[in-house]
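Subject: Structure handover and notes

Hello,

Please find the structure below. My notes on it follow, with the cut-offs stated where each term comes up.

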Amino acid sequence: MRRIATVSLTAGSLVLGMAAHAVPARAEEAADASSSRVKPLAKGSFKTKNGRAKAFRQIEASGSYQVTHDKITVKFKVRDKKRDGWTPAVQFAALEAWDGEGTGLYFPLAKNLRNGRGAPEPNQSATIEGPPINNTVEPPRGSTRPVCRSCSTVKPKPKPRPKKGPADGRYTFKFKESFSSKYTEYLAVREVLLRKKGKKYQYKVGPTTIVYAAAEGPHFAIDPAQNARAAGPDGVSVRRSTVRDGRYREAVRAGLAENARRAVPKGWTHFTNKKLPGQLGGSTETWGYFTGYRNDSGGTNARLTLRLRDNKADRRYAGTVVAFTNADGSVADQWTLSNLQDLKGRWTSRVVHSTFSDHLLYQSCVGLYDEVDGKVVFVPTTCGEPQLLY
């Protein structure tokens with residue numbers, strides 16, 4: 001049985017009494033578990049909402065979706081109830097934190113070309129570029145979202161315009177293709193009215209519908225079957241301990257002198273990375289929001305929703321150390337949260353609560369995994385300075 005030495009916390013880093021080494025063999029074996037054998041996290045069906053225009057009541061988009069730890073997959077169809085010059089089209093967006101992937105406008109092609117329209121040709125569909133579905137996930141009321149340094153939006157690749165026109169008439173068309181994305185936190189859809197005038201396309205978009213939204217932390221970005229001994233039910237490696245050695249006292253004093261925060265703010269407050277040491281080099285990103293809430297005895301507890309992102313596949317794992325402390329920082333409820341895989345560009349999140357509500361500090365870290373008492377745990381090797389949030 002292997003053990004690691006006690007971790008001592010300083011203002012700028014975590015000093016380890018061990019040599020850095022790779023993930024244990026048993027941990028690697030656990031990480032090889034195929035996600036295809038894991039049951040889907042969620043699945044269901046959807047139907048789009050009608051827009052304001054009367055023509056929207058003549059079309060409909062529907063289908064089914066399935067969410068796994070690796071991707072979200074959508075199978076879909078459209079229905080046209082009337083030949084009125086408009087063709088039903090559908091558009092999707094998959095989102096994860098600030099990241100997202102959108103699609104163009106999917107629509108069936110006509111079997112003949114009379115007036116550029118006709119009955120649908122079986123299995124013949126096309127995609128053209130349309131207006132993107134913007135990020136529809138709003139932050140809590142009264143707060144603003146911090147700026148993300150490394151986020152991206154995957155835009156649909158342009159395709160040549162189809163020679164055939166869009167189908168119009170009474171039909172239900174099931175698309176042979178499906179939409180799939182690695183972003184698995186939100187799925188949005190909207191129906192679109194489409195028609196072709198000469199060589200140009202015209203369209204009207206309907207309202208956006210959120211088809212699927214992952215539970216507010218835990219977010220199932222990482223497969224817990226890959227390392228069941230280390231992960232909680234959400235696939236995030238978690239260690240919790242009570243710290244009584246006063247390691248956070250100086251950070252609390254320095255933070256209070258800098259921003260004079262002395263109580264948990266009312267309502268939700270966002271935060272993001274600050275003062276990261278050069279060694280991290282943008283390898284990880286942390287953001288979240290926190291608030292206080294009244295407990296059953298009339299006191300105040302603290303709540304934190306935390307997100308971690310690994311920005312580099314560099315054999316180092318992204319993690320964050322969170323500490324809820326008492327008034328002088330002498331006692332802390334410390335949480336160490338981390339991603340279980342070195343996955344570039346993937347978020348995962350966790351909600352944590354604490355009865356210590358006087359102060360909240362966090363550190364963004366990178367580290368390795370080690371085995372302690374038969375469990376694989378995250379060991380920070382380099383961290384940013386402790387940041388006092390309140």
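Does F173 count as buried or exposed, and at what relative accessibility? F173 counts as buried because its relative accessibility is 5%. Here buried means under 20% relative accessible area, exposed over 50%, and partly exposed in between, with a 1.4 Å probe and protein chains only.

Before the rest, the conventions. This is a predicted model, in which local features need pLDDT of at least 70 and side-chain atom pairs count only at pLDDT 80 or more, while totals for chains, interfaces and linings use all residues. Residues are numbered from 1 along each chain as its sequence is written, and side-chain values use heavy atoms, with hydrogens and water left out.

Overall

The chain has two helices and 25 strands; these are DSSP runs numbered from the N terminus, with helices being H or I of at least four residues and strands E of at least two. Of its 390 residues, 51% count as buried. Taking contacts (heavy atoms within 4.5 Å) between residues at least 6 apart in sequence, 70% join residues at least 24 apart.

Aromatic pairs

There are 14 aromatic pairs in the structure. Rings of Phe, Tyr and Trp (its six-membered ring) pair if their centres lie within 6.5 Å; planes under 30 degrees apart count as stacked, over 60 as edge-to-face and the rest as tilted. One of the pairs is F92 with F179, which is stacked at 5.7 Å centre to centre and 10 degrees between the planes. This pair links distant parts of the chain, since F92 is in strand 6 and F179 in strand 12 (residues 179–181), 87 residues apart. F92 counts as buried because its relative accessibility is 1%, and F179 is buried with a relative accessible area of 4%. F173 pairs with F175 in an edge-to-face arrangement, at 5.0 Å centre to centre and 85 degrees between the planes. F175, at 4% relative accessibility, also counts as buried. Ring pairs join F46, F76, F92, Y106, F173, F175 and F179 into a cluster.

Nonpolar cores

A nonpolar core is a set of buried Ala, Val, Leu, Ile, Met, Phe, Trp, Tyr and Cys residues joined through side-chain atoms within 4.5 Å. The largest one has 24 residues, and those with the most contacts inside it are V74, F76, V90, F92, F179, L187 and Y212. Among the elements that give two or more residues to this core are strand 3 (42–47), strand 4 (59–67), strand 6 and strand 11 (171–174). Its largest share, four residues, comes from strand 5. Leaving aside neighbours within four places in sequence, F76 is in contact with residues including F46, V90, F92, Y106, F175 and F179. A second, separate core has 15 residues, including F271, L304, L360 and Y362.

Strand pairing

Two strands count as paired if DSSP finds at least two bridges between them. Strand 6 (residues 87–96) and strand 7 (residues 99–102) are antiparallel over four bridges, and A93 stands opposite G102 of strand 7. Their hairpin has two residues between the strands, and A97 in it takes a positive phi near 55 degrees. Strand 7 also pairs with strand 10 (residues 153–154), in the parallel sense over two bridges; there E101 stands opposite V154.

How many disulfides does the structure hold? It holds one disulfide, taken as a pair of cysteine sulfur atoms within 2.5 Å. The link joins C365 to C383, with an S to S distance of 2.0 Å. At 105 degrees about the S-S bond, the link of C365 and C383 is right-handed. C365 lies in strand 23 and C383 in strand 24 (residues 375–383), so the pair ties together parts that are 18 residues apart in sequence. Both C365 and C383 are buried.

S364 is also in strand 23 (residues 359–372). S364 counts as buried at 2% relative accessibility, and its side chain makes a polar contact with the side chain of T286 at 2.7 Å. A polar contact is a pair of N or O atoms within 3.5 Å; within protein, one must be able to donate a hydrogen and the other to accept it, and residues adjacent in sequence count only if both atoms are side-chain atoms.

Regards
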